[in-house]
Amino acid sequence: MGTRFIVTKENPASMETKKAIIKVKSEEFIEFKSGTGHLRTIPTEAGKKR
């Protein structure tokens with residue numbers, strides 16, 4: 001749900017970030033475990049290292 005807020009007009013994230021989030025399909029997200037639980041990220045080089 002939080003990802004939806006990143007792509008809003010009011011969010012100061014860059015347009016490149018917003019376009020990358022909109023472009024990715026839900027099944028392409030990478031899920032990983034962190035200290036706060038399970039998180040998901042778009043498949044970027046940094047995200048693939050998790």
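Among contacts in the protein between residues at least 6 apart in sequence, 0% join residues at least 24 apart, where contact means heavy atoms within 4.5 Å. The model is predicted: local features need pLDDT of at least 70 and side-chain atom pairs count only at pLDDT 80 or more, while totals for chains, interfaces and linings use all residues. Residues are numbered from 1 along each chain as its sequence is written, and side-chain values use heavy atoms, with hydrogens and water left out.

**Overall form**

The protein contains 3 helices and 2 strands, arranged along the sequence as α-α-β-β-α. Helices (H or I, at least four residues) and strands (E, at least two) are DSSP runs, numbered from the N terminus. The C-alpha trace spans about 30 × 20 × 20 Å along its principal axes.

Of the 50 residues in the protein, 14% are buried; buried means under 20% relative accessible area, exposed over 50%, and partly exposed in between (1.4 Å probe, protein chains only).

The protein carries 11 positive and 6 negative charges, whose mean positions are 2 Å apart. Lys and Arg count as positive and Asp and Glu as negative, without His and the chain ends; each charge is placed at NZ of Lys, CZ of Arg, CG of Asp or CD of Glu.

**The loop between α2 and β1**

Glu-28 lies in the loop between α2 (15-23) and β1 (30-34), and Phe-29 is also found in the loop between α2 and β1. Glu-28 is partly exposed because its relative accessible area is 38%. Phe-29 counts as buried because its relative accessibility is 18%.

The table gives C-alpha separations for these two residues.

| Pair | Apart in sequence | C-alpha to C-alpha |
|---|---|---|
| Glu-28 and Phe-5 | 23 residues | 19 Å |
| Phe-29 and Met-15 | 14 residues | 19 Å |

**Surroundings of Phe-29**

Leaving aside residues up to four places away in sequence, Phe-29 touches Val-24, Arg-40, Thr-41 and Ile-42. The charged end of Arg-40 sits over the ring of Phe-29, 4.4 Å from the ring centre. A charge sits over a ring if NZ of Lys or CZ of Arg is within 6 Å of the ring centre and within 35 degrees of the ring normal.
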